[in-house]
Amino acid sequence: MRLFKKINPKGTTSSPSRNVSLDMCPVKNRQVSEERLASGVIRLSYPVTVKPWFASLAKRFGAWDGKPTQKTIELDEMGTAAWELIDGHNRFLDLVDTFAKRYNLQNREAETSLAAFLRELGRRGLIALAERDTASEKR
(Lines give C-alpha, C1' and ligand atoms only; values in the text may rest on other atoms or scores of the structure.)
Protein backbone atom coordinates (compact mmCIF):
# COMPACT_ATOMS: atom_id res chain seq x y z
CA MET A 1 0.00 0.00 0.00
CA ARG A 2 1.31 3.41 -0.98
CA LEU A 3 1.16 6.01 1.75
CA PHE A 4 0.91 9.16 -0.34
CA LYS A 5 -1.27 8.14 -3.27
CA LYS A 6 -3.56 10.97 -4.40
CA ILE A 7 -7.23 10.11 -4.29
CA ASN A 8 -9.93 12.37 -5.62
CA PRO A 9 -13.18 12.91 -3.64
CA LYS A 10 -14.95 10.08 -5.46
CA GLY A 11 -12.41 7.61 -4.09
CA THR A 12 -10.67 6.80 -7.38
CA THR A 13 -7.13 7.60 -8.39
CA SER A 14 -6.54 10.89 -10.21
CA SER A 15 -5.11 9.37 -13.42
CA PRO A 16 -7.47 9.34 -16.40
CA SER A 17 -8.11 6.08 -18.19
CA ARG A 18 -6.27 5.24 -21.41
CA ASN A 19 -9.35 5.92 -23.57
CA VAL A 20 -9.91 9.31 -21.95
CA SER A 21 -6.22 10.19 -22.41
CA LEU A 22 -6.29 9.25 -26.09
CA ASP A 23 -9.24 11.60 -26.62
CA MET A 24 -7.55 14.61 -24.97
CA CYS A 25 -5.91 17.44 -26.92
CA PRO A 26 -2.39 18.63 -26.09
CA VAL A 27 -2.28 22.43 -25.83
CA LYS A 28 0.91 24.54 -25.93
CA ASN A 29 1.74 26.88 -23.07
CA ARG A 30 1.49 30.50 -24.26
CA GLN A 31 4.65 31.44 -22.36
CA VAL A 32 6.76 29.11 -24.51
CA SER A 33 8.58 30.77 -27.38
CA GLU A 34 9.81 28.73 -30.29
CA GLU A 35 12.62 29.42 -32.73
CA ARG A 36 13.31 27.44 -35.89
CA LEU A 37 17.02 26.85 -36.36
CA ALA A 38 18.85 26.62 -39.69
CA SER A 39 19.00 22.83 -39.27
CA GLY A 40 15.18 22.71 -39.36
CA VAL A 41 14.68 21.76 -35.71
CA ILE A 42 12.92 23.88 -33.11
CA ARG A 43 14.40 25.42 -29.98
CA LEU A 44 11.90 26.12 -27.20
CA SER A 45 12.45 28.74 -24.48
CA TYR A 46 10.30 28.73 -21.38
CA PRO A 47 10.25 30.42 -17.97
CA VAL A 48 11.36 28.41 -14.97
CA THR A 49 9.78 28.86 -11.57
CA VAL A 50 12.26 28.82 -8.74
CA LYS A 51 11.29 27.23 -5.46
CA PRO A 52 11.02 29.86 -2.70
CA TRP A 53 13.56 28.22 -0.38
CA PHE A 54 16.08 28.00 -3.23
CA ALA A 55 15.41 31.58 -4.30
CA SER A 56 16.09 32.95 -0.82
CA LEU A 57 19.26 30.87 -0.53
CA ALA A 58 20.50 31.93 -3.97
CA LYS A 59 19.77 35.61 -3.24
CA ARG A 60 21.60 35.37 0.08
CA PHE A 61 24.74 34.10 -1.65
CA GLY A 62 24.42 36.51 -4.59
CA ALA A 63 23.88 33.74 -7.13
CA TRP A 64 20.51 35.05 -8.33
CA ASP A 65 19.22 38.58 -8.89
CA GLY A 66 15.51 37.68 -8.61
CA LYS A 67 14.76 38.00 -12.34
CA PRO A 68 12.77 35.19 -13.95
CA THR A 69 15.04 32.62 -15.53
CA GLN A 70 14.56 31.08 -18.96
CA LYS A 71 15.43 27.55 -19.94
CA THR A 72 15.85 26.28 -23.48
CA ILE A 73 15.42 22.87 -24.99
CA GLU A 74 16.30 21.89 -28.54
CA LEU A 75 14.09 19.25 -30.11
CA ASP A 76 15.35 16.65 -32.55
CA GLU A 77 13.64 15.92 -35.88
CA MET A 78 10.93 13.70 -34.39
CA GLY A 79 10.38 16.04 -31.45
CA THR A 80 10.01 18.94 -33.87
CA ALA A 81 7.47 16.97 -35.90
CA ALA A 82 5.50 16.13 -32.76
CA TRP A 83 5.65 19.75 -31.53
CA GLU A 84 4.31 21.02 -34.86
CA LEU A 85 1.36 18.61 -34.65
CA ILE A 86 0.25 20.14 -31.35
CA ASP A 87 -2.24 22.82 -32.31
CA GLY A 88 -4.92 22.53 -29.63
CA HIS A 89 -7.39 20.84 -32.00
CA ASN A 90 -5.76 17.47 -32.67
CA ARG A 91 -6.48 14.74 -30.17
CA PHE A 92 -3.62 12.62 -28.87
CA LEU A 93 -4.99 9.75 -30.98
CA ASP A 94 -4.80 11.95 -34.12
CA LEU A 95 -1.18 12.74 -33.31
CA VAL A 96 -0.42 9.04 -32.92
CA ASP A 97 -1.99 8.20 -36.30
CA THR A 98 -0.14 11.01 -38.10
CA PHE A 99 3.16 10.19 -36.40
CA ALA A 100 2.83 6.47 -37.18
CA LYS A 101 2.17 7.14 -40.87
CA ARG A 102 4.94 9.73 -41.20
CA TYR A 103 7.65 7.55 -39.60
CA ASN A 104 6.30 4.14 -40.67
CA LEU A 105 5.65 2.93 -37.10
CA GLN A 106 3.01 0.72 -35.62
CA ASN A 107 0.33 2.66 -33.73
CA ARG A 108 1.28 1.19 -30.36
CA GLU A 109 4.95 2.12 -30.85
CA ALA A 110 4.04 5.66 -31.92
CA GLU A 111 1.65 5.95 -28.96
CA THR A 112 4.33 4.90 -26.48
CA SER A 113 6.92 7.29 -27.93
CA LEU A 114 4.54 10.25 -28.10
CA ALA A 115 3.20 9.59 -24.62
CA ALA A 116 6.71 9.67 -23.17
CA PHE A 117 7.55 12.84 -25.11
CA LEU A 118 4.34 14.63 -24.13
CA ARG A 119 4.72 13.50 -20.52
CA GLU A 120 8.16 15.14 -20.42
CA LEU A 121 6.85 18.33 -22.03
CA GLY A 122 4.01 18.36 -19.50
CA ARG A 123 6.41 17.83 -16.61
CA ARG A 124 8.34 20.89 -17.76
CA GLY A 125 5.13 22.91 -18.12
CA LEU A 126 5.37 23.33 -21.89
CA ILE A 127 2.02 21.68 -22.65
CA ALA A 128 -1.17 20.64 -20.94
CA LEU A 129 -3.87 18.17 -21.87
CA ALA A 130 -7.38 19.51 -22.30
CA GLU A 131 -10.65 17.91 -23.19
CA ARG A 132 -11.46 18.35 -26.84
CA ASP A 133 -14.32 20.83 -26.30
CA THR A 134 -12.27 22.93 -23.87
CA ALA A 135 -9.24 23.03 -26.20
CA SER A 136 -11.38 24.12 -29.17
CA GLU A 137 -13.01 26.94 -27.19
CA LYS A 138 -9.63 28.48 -26.31
CA ARG A 139 -8.74 29.11 -29.96
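Mentor: Gladly! The protein chain has 6 helices and 5 strands, and along the sequence they follow the pattern α-β-β-β-α-β-α-α-α-β-α. Keep in mind that this is a predicted model.

Trainee: How much of the protein chain is buried?

Mentor: Of its 139 residues, 29% are buried. As for contacts with a separation of 6 or more, 64% of them are between residues 24 or more positions apart.

Trainee: Let's take one residue. Why is Thr80 called buried?

Mentor: The cut-off for buried is under 20% relative accessible area. Thr80 has 4% relative accessibility, so it counts as buried. This residue is found in helix α3, where the buried residues are Gly79, Thr80, Ala81, Ala82, Trp83 and Leu85.

Trainee: What does Thr80 contact, leaving aside its neighbours within four places in sequence?

Mentor: Thr80 is in contact with Arg36, Gly40, Val41, Ile42 and Leu75. For the buried residues of α3 as a group, the cover includes β1, β2, β3, α4, α5 and β5.

Trainee: And what makes Thr69 partly exposed?

Mentor: Partly exposed lies between the 20% limit for buried and the 50% limit for exposed. Thr69 has a relative accessible area of 29%, so it is partly exposed. You will find Thr69 in strand β4, residues 69-74. Not counting residues up to four places away in sequence, Thr69 touches Tyr46, Pro47, Val48, Val50 and Trp64. Thr69 and Thr49 are 20 residues apart in sequence, with 7.6 Å between their C-alpha atoms.

Trainee: How do you know that β2 and β3 are paired?

Mentor: Pairing needs at least two bridges between the strands. Strand β2 (residues 33-36) and strand β3 (residues 42-48) are joined by 4 bridges, and they run antiparallel. One of the bridge partners to look up is Ile42 in β3, which pairs with Arg36. The hairpin has 5 residues between the strands, and Gly40 there takes a positive phi near 95°.

Trainee: Now helix α5. How does its reach compare with the expected value?

Mentor: Helix α5 covers residues 107-123, which is 17 residues, and reaches 24 Å from its first C-alpha to its last. At 1.5 Å a residue, the expected value is also 24 Å, and the reach is described as close to it. After α5 comes Gly125, with a positive phi near 85°.

Trainee: Which residues of α5 are buried, and why are they said to lie on the same side?

Mentor: The buried residues of α5 are Ala110, Glu111, Leu114, Phe117, Leu118 and Leu121. They cover an arc of only 140° around the axis, so they are on the same side of α5. In general, an α-helix has 3.6 residues a turn, so residues three or four places apart point the same way. The buried residues of α5 pack against α1, β1, α3, α4 and β5. On the face turned away from the buried side, α5 carries the exposed residues Arg108, Thr112, Arg119 and Arg123.

Trainee: What is the volume of the largest pocket, and which residues are closest to its centre?

Mentor: Its volume is about 340 Å³. The largest pocket is lined by 14 residues, and the closest to its centre are Ser21, Ala115, Leu118, Arg119 and Leu129. The elements giving two or more residues to the lining are α1, α5 and β5, and α5 gives the most, with 7 residues.

Conventions:
Residues numbered from 1 in each chain as written. Predicted model: local features only at pLDDT ≥ 70, side-chain atom pairs only at ≥ 80, totals over all residues. Heavy atoms only, no water. Expected span 1.5 Å × (residues − 1). Buried < 20%, exposed > 50% of the residue type's maximum accessible area, 1.4 Å probe, protein only. Arc of directions from axis to C-beta. Contact = heavy atoms within 4.5 Å. 1 Å grid on protein atoms, 1.4 Å probe; cavity = no way out; pocket = protein on both sides within 12 Å on 5 of 7 lines; lining within 4 Å. Points joined across faces, edges and corners; volume = space filled by probe spheres on them.
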